[in-house]
Amino acid sequence: MQYCLTMGVPVYIYDHFGGGGYINDENIELSRSYTFSGRKFGKKSADELVDDIVSGYKKAVKYHQKNRKKFIKEYSINNVLPGIINECDRKHMKHWTDEYTEAVLNCERLAHIRFATGMNEWNSRRLVEKLHGDLASKDADIEKLNTKINEMWSSKTFKLGRSICKPAKLLFKHEDNRQ
């Protein structure tokens, strides 16, 4: 959840408890107070979910892009972990070693990279599928045009026109050869 927020990826919250849909200004505080679990929001039918996911996506993208810096400040482990360590120091609590801290940060970075790679692969697959669909559509258009050309060539009007123009064509060809 927090990885998505820090990456600017729209988050849609819904599970067996229900959910508030895409994170936005109206539902983020209640969602956060219930650990983004979907509790305290109503359940939706499958049709409502599909409609909500599809129709709200563009608005959600804009919201997440607009708030990404704020989410990074609030949720990125690079920003949050030092505060936790300072709080431990302030309370004289025993905390982990620098090596452990570095290992935690490295795990977070790896997870972030893996998530970003997965999103890139997903976007690439969607683009390839769209291009395959576009190509199939163009192939169908070409086939229709070829059918119309063949119909035109086999039409009586086209054959008559060629017969009428043939003497003039031969005359022009003959004059071109003389020059």
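How exposed is arginine 32 in terms of relative accessible area? Arginine 32 is partly exposed, at a relative accessible area of 26%; here buried denotes under 20% relative accessible area, exposed over 50%, and partly exposed the range in between (1.4 Å probe, protein chains only). The model is predicted, so local features need pLDDT of at least 70 and side-chain atom pairs count only at pLDDT 80 or more, whereas totals for chains, interfaces and linings use all residues. Residues are numbered from 1 along each chain as its sequence is written, and side-chain values use heavy atoms, with hydrogens and water left out.

**View 1. The salt bridges of arginine 32.** A salt bridge is a side-chain nitrogen of Lys or Arg within 4 Å of a carboxyl oxygen of Asp or Glu, and the count by this rule is five. Arginine 32 forms one with glutamate 29, with the closest N and O atoms 2.7 Å apart. The two residues are about one helical turn apart, because they lie three residues from each other in helix H2 (residues 28–33); helices (H or I, at least four residues) and strands (E, at least two) are DSSP runs, numbered from the N terminus. Glutamate 29 is exposed, with a relative accessible area of 51%. Arginine 32 also meets glutamate 74 in a salt bridge, at 2.8 Å from N to O. Since arginine 32 belongs to helix H2 and glutamate 74 to helix H3 (residues 46–75), this pair ties together parts that are 42 residues apart in sequence. Glutamate 74 counts as partly exposed, at 33% relative accessibility.

**View 2. The pairing of lysine 44 with aspartate 52.** The side chains of lysine 44 and aspartate 52 form a salt bridge, at 2.7 Å from N to O. Lysine 44 is partly exposed, with a relative accessible area of 26%, and aspartate 52 is likewise partly exposed, at 24%. Side chains of opposite charge can pair when their charged atoms come close.

**View 3. A nonpolar surface patch.** Val50, Ile53 and Val54 make a nonpolar surface patch of about 270 Å². Patches are made of residues with over 30% relative accessible area and no salt bridge, like charges being joined within 9 Å and nonpolar side chains (Val, Leu, Ile, Met, Phe, Trp, Tyr) within 5 Å. The accessible areas come from the Shrake-Rupley method with a 1.4 Å probe, and for residues only the protein chains shown count as cover. Valine 54 is located in helix H3 and is exposed, with a relative accessible area of 62%.

**View 4. The largest nonpolar core.** This core has 12 residues in all, among them Cys4, Leu5, Val9, Ile13, Phe36, Tyr63 and Tyr75. A nonpolar core is a set of buried Ala, Val, Leu, Ile, Met, Phe, Trp, Tyr and Cys residues joined through side-chain atoms within 4.5 Å. Helix H1 (2–7) and H3 are the elements that give two or more residues to this core. With neighbours within four places in sequence left aside, valine 9 is in contact (heavy atoms within 4.5 Å) with Cys4, His64, Phe115 and Met119. In soluble globular proteins, nonpolar side chains tend to be buried together.

**View 5. The hairpin of S1 and S2.** Strand S1 (residues 12–15) and strand S2 (residues 18–22) run antiparallel and are joined by three bridges; strands pair if DSSP finds at least two bridges between them. Two residues separate S1 and S2 in the hairpin. Tyrosine 12 stands opposite tyrosine 22 in S2, and isoleucine 13 has glycine 21 as its bridge partner. S2 is largely enclosed by the rest of the structure, because four of its five residues are buried.

View 6. Serine 31, in helix H2, counts as buried at 4% relative accessibility. Beyond its neighbours within four places in sequence, serine 31 is in contact with Ile13, Ile23, Phe36 and Phe41. Methionine 1 lies in the segment before H1 and is partly exposed, with a relative accessible area of 28%. Residues up to four places away in sequence not counted, methionine 1 touches Val11, Ile13, Ile23 and Phe36. Methionine 1 and isoleucine 13 are 12 residues apart in sequence, and their C-alpha atoms are 9.0 Å apart in space.
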